Amino acid sequence: MDPYDFRDIESRWKPHWQRLGLYLTGTEAGKRPFYCLDFFPYPSGAGLSVGHCKNYVPTDVISRKRKMEGYNVLHPMGWDAFGQPTEEYAIRTGIHPSLVTRKHTDTYRRQMKLIEAGYDWEREIDSSDPSYYRWTQHFFLLLFDRGLAYQDESDIWWCPECKIVLSNEEAAGGQCWRCEKDVTRKRMNQWYFRITSYADRLLDDLEGLDWPEGIKAMQRNWIGRSEGARLTFMVGAPDGQDLPMPVYTTRVDTIYGATFCVISPEHPLVGRITTRDRMAEVAAYIEGARLKSNRERMAASEKQKTGVFTGAFAINPYSGERVPVWVADYVLMDYGTGAIMAVPAHDERDHQFARSYGIPIIEVVAPGGVPQGVEEKATVADGVLINSGPFDGLGSDRARARMTAFAEEKGFGTREVNYRIHDWMVSRQRYWGAPIPIIHCERCGAVPDRNLPVVLPEVDSYEPDDTGRSPLARVEAWLRTKCPECGGPARRDTNTMAGFACSSWYFLRFASPHEEDRPFDPEAVRYWLPVDLYVGGAEHAVMHLIYARFWTKVMYDAGLVSFTEPFSVLRNQGMILGADGQKMSKSKGNVVTPDEMVERYGADALRLYILFIGPFGADLAWNEEGIAGTFRFLRRLWRLCLESGAAGGEAEEGDRRDPELAFHLASTLRKVSEDMDGFQFNTAVAALMEFVNFLVSRSAGLEGNSGLRETLKQLLVLMAPMTPFISEELWHRLGFAESDEDSVHLQPWPLWREQDLALERMEMVVQVAGKVRARMSVPSGSTEEEIRGAALAQERIVELLGGREPARVIVVPGRLVNIIPGR
């Protein structure tokens, strides 16, 4: 018998499958489509680790299974190639980012082929290719034409480390999403997409999606829809004017307990209401707040907050009371109106602030109608109103409705729905991105440049300067142009789009990636989209996934697509950590690459261990002993097939089927099929291992049994999506291939027979102290007591026990009995 030589096997079958076009997209008429897509990978210089395989192997397995089930399968791959890391590498080395990208994508492609991830490489796309980003620019102009892309000057997030502006999502928690350093604020003119116009639809449409609940919860929280009231407090300014100060609150029922107001240091009213004697202190406080990141400011909710009194007072529109107005950095201009009514009795942050500065605390809501006492701690629950004038005695819900109606009647407030989400800041002052296709003319303003693509020019330096000016602003020959409308002198926009713009529509391009005159073929999109299965990391929950949903809805409204959600089913893989339990990184020296594992154990062993390592969504530490174990299993399968497969005869009419063999086969077929569909790959692999062990244990008794050969045939088809090489090799060695051009991967997916799942009798192992001492056959419907009795009655067991009563008898139905002897 030949040894299991995975290197020889892999070298022979790779070119064979390429000749067969095994991974090309299915185009057979009448077949149902199945579109499986991995998150658009960003190719970095580090290449793939085995952790990446936790994404790419399972999607390959599912795609292969669907093809065997009779679907036309689309499983493409491409590159989200624009981005800051590539640009930074170019800055360090002087190598053009396009050459860096080509080098990195070549590495990723080679490694994906190494693990035999079956992508249709004829559909490969690269977001940094002008033939692709011309259509990203096209969609920018679609948004612009529909009033959804606009420019505005505002305080934006700025990463001093990366010298780049960031969207709210990229600066969540006050840190840069790439370098994880603190961000600051910078006032700049930027481009925005009006995603807030779609907030309700983005929220409501989550309900119908088969996505992890955690991801949907993160999106709901980020959109942050809340119903409340917008109320106007009038503030007395030093010049004698009464200035309106709007606040938004979801707890209007607590307003009689508002003993002060707080405004953000960036609030435009600060300079107008601060009294002369307070001006120096307020100005110093504002300057200090500007030097803090939002993360530092928001952390004030866990520690003592700071603030300064402006000297001004506001009038509570309900009670008529004068309340002091403070400036404090725990109030952010990004949220609500940048001003709050502070109710220390019923808000923890306000309570801490009031205690720090000696501000009165008045309880106005009594949970359960019983005052709690609020000097030491705020009570945040709803309850019955007290100390609230004409609204005393009302429950919080009724009070909110009545008090909001009162505000509308008196003209100082309105009902309002508010959102946490802000418009998507999409422009970047970097080189390596899709240029924004806008021309600025002094006469005509911002004018669309429809002569696409607007191609990136060559530059002397890729580095932005400390002012935030883009490297493109230094290329005068590219910068100066003519206005498309009036023909006068004009200047190109020097911003590029954030990489998330390119990844907001790539899933559409894969349906027809070679279109030259349009972004995609509508018929192809109608057939393939929306994506049936989308797989990637949970870290993109509030960036890419929201942005892609937004662009899809805009395209739907423009009549370009017939669906409103791009991804029907979403699954998130967990992370494979280093053997030390930490995230793999070069700096920690704990990175394991697929290259070294394939060289040592083969692609099949690596694929099988990736599936077997643990639950798909769990974070798990790499253990090389595990892949050594899957390698040993494949050698066991190799020996079983070559020793037993050739011995089994061809099935003939009238052959009696072995009922136990049929039962175990049917059980395995069902278990593996259902577990694969449910992304429970680890238990599917466990079932295969258990089945192979059963066959090995029974192989001697099944020699010459035609059912064994048929069983091995179905086993190889079952394993083919997980272990493509050894399955193909054994398929041909055992003579199952009808021709040289045949393949195990072209076989129909095996189905089980329901009647085989009802076994009349079952074989069970009998152990004494964990060692196998006998085998017995019992009726399949036997109770545990009957199985126990049958085991103890076995002649060999009686002999071993020698009249002693067993201390314990453990029954595992359908498998074994373990007898622990007494003393």
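Analyst: What follows goes through the cores, the sheets, some helix contacts and a few single residues. Please keep in mind throughout that this is a predicted model.

User: Okay, which residues touch the most other members of the largest nonpolar core?

Analyst: The largest nonpolar core has 91 residues, and those that touch the most other members are Met112, Leu606, Trp622, Leu695, Leu715 and Met722.

User: Changing topic to sheets, what is the strand order in the open sheet with mixed pairing?

Analyst: That open sheet has 4 strands, and their order is S29-S28-S31-S30. Strands S29 and S30, the latter covering 806-812, are at the edges with a single partner strand each, so one side of each is left without a neighbour in the sheet. From one strand to the next, the twist averages 20 degrees.

User: What about the open sheet with parallel pairing, what order do its strands have?

Analyst: This sheet also has 4 strands, in the order S2-S1-S24-S25. Its edges are strand S2 (72-74) and S25, and because each has a single partner strand, one side of each is left without a neighbour in the sheet. Neighbouring strands here are turned by 20 degrees against each other on average, with direction ignored.

User: How many bridges join S24 to S25?

Analyst: There are 3 bridges between strand S24 (residues 533-536) and S25, and the two run parallel. As one example, Tyr534 has Leu570 in S25 as its bridge partner. Helix H2 (residues 50-68) lies across strand S1 (33-38), S2 and S24, and it runs at about 175 degrees to S1.

User: Where does Gln573 sit, and is Gln573 buried or exposed?

Analyst: Gln573 lies in the loop between strand S25 (570-572) and strand S26 (576-577). Its relative accessibility is 19%, and because buried means under 20%, Gln573 counts as buried. Leaving aside neighbours within four places in sequence, Gln573 is in contact with Lys54, Asn55, Val535, Gly536, Gly537, Phe616 and Gly617.

User: Now helices, at what angle do H19 and H24 cross?

Analyst: The axes of helix H19 (residues 603-612) and helix H24 (residues 724-733) cross at roughly 125 degrees and come within 7 Å, which means that H19 is oblique to H24. Ala603, Asp604 and Arg607 in H19 meet Pro724, Phe725 and Ile726 in H24. By class, this contact of H19 with H24 has 4 nonpolar, no polar and 2 charged residues.

User: And what angle does H1 make with H24?

Analyst: The axes of helix H1 (residues 6-20) and H24 come within 10 Å and cross at roughly 85 degrees, so H1 is roughly perpendicular to H24. The contact is made by Ile9, Glu10, Arg12, Trp13, Lys14 and Trp17 of H1 together with Pro724, Phe725, Glu728, Glu729 and His732 of H24. These residues divide into 5 nonpolar, 1 polar and 5 charged.

User: Last one, which helix holds Tyr547?

Analyst: Tyr547 lies in helix H17, residues 544-557, and Tyr547 is buried, with a relative accessible area of 0%. Tyr547 and Trp424 are 123 residues apart along the chain, and their C-alpha atoms are separated by 8.4 Å.

Conventions
Residues are numbered from 1 along each chain as its sequence is written. This is a predicted model: local features need pLDDT of at least 70, side-chain atom pairs count only at pLDDT 80 or more; totals for chains, interfaces and linings use all residues. Side-chain values use heavy atoms; hydrogens and water are left out. A nonpolar core is a set of buried Ala, Val, Leu, Ile, Met, Phe, Trp, Tyr and Cys residues joined through side-chain atoms within 4.5 Å. Buried means under 20% relative accessible area, exposed over 50%, partly exposed in between (1.4 Å probe, protein chains only). Two strands pair if DSSP finds at least two bridges between them. Axes are lines fitted to C-alpha atoms, for helices over the stretch in contact, and angles run from 0 to 180 degrees between N-to-C directions. Angles under 35 degrees count as roughly parallel, over 145 as roughly antiparallel, 65 to 115 as roughly perpendicular and the rest as oblique. Contact means heavy atoms within 4.5 Å. Ala, Val, Leu, Ile, Met, Phe, Trp, Tyr, Cys and Pro count as nonpolar, Asp, Glu, Lys and Arg as charged, and the others, Gly among them, as polar.
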